[in-house]
Amino acid sequence: MDKWLWQARFFKTRSLASRVVTDGQVRVNAQRVSKAATSVRPGDVLTFAQGARVRVIKIMALGLRRGPASEAQGLFEDLTPDPESGAPELARVGPRPTKRDRRALDAFQDDQGPDA
């Protein structure tokens, strides 16, 4: 499993993919997996956290190598639901805030109180 996650380019290194699997953060067909050497086959559905989002992936093919991204995209179908419109975006939009912008944001958060 760790090899497939690495070949499909979900993780930069195979050891990072292995660590995620052994920590029990990956599910195959809704069953938690803790062995990196777990076999996967086309049709299996993987669920795992990647950064701030939860990915749901259906395996379409097994890879022979870690090739280019265009080749890796053919290995899976992304079933990840779209984020809800009310959910806050974690990605930064625009340039880095200035010191003045940061002060305004801090003042706004202080005005909202601890319950907000």
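Select Arg65 and Glu71 to begin: their side chains meet in a salt bridge, with an N to O distance of 2.9 Å. The coordinates belong to a predicted model. Arg65 has a relative accessibility of 49% and counts as partly exposed.

Next, consider the whole structure, in which a search finds 4 salt bridges. Side chains of opposite charge can pair when their charged atoms come close.

Now select Arg14 and Asp2, whose side chains form a salt bridge at 3.2 Å, N to O. Colour the helices at this point: Arg14 belongs to helix H2 (residues 14-22) and Asp2 to helix H1 (residues 2-7), so this pair ties together parts that are 12 residues apart in sequence. Arg14, by contrast, is partly exposed, with a relative accessible area of 39%.

Finally, move to helix H4 (residues 99-112) and select Arg102 and Asp106. How far apart are the closest N and O atoms of this salt bridge? The separation is 3.5 Å. Along the helix, the two residues are 4 positions apart, which means that about one helical turn separates them. For accessibility, Arg102 counts as partly exposed at 45%, and Asp106 is also partly exposed, with a relative accessible area of 30%.

Definitions and conventions: Residues numbered from 1 in each chain as written. Predicted model: local features only at pLDDT ≥ 70, side-chain atom pairs only at ≥ 80, totals over all residues. Heavy atoms only, no water. Buried < 20%, exposed > 50% of the residue type's maximum accessible area, 1.4 Å probe, protein only.
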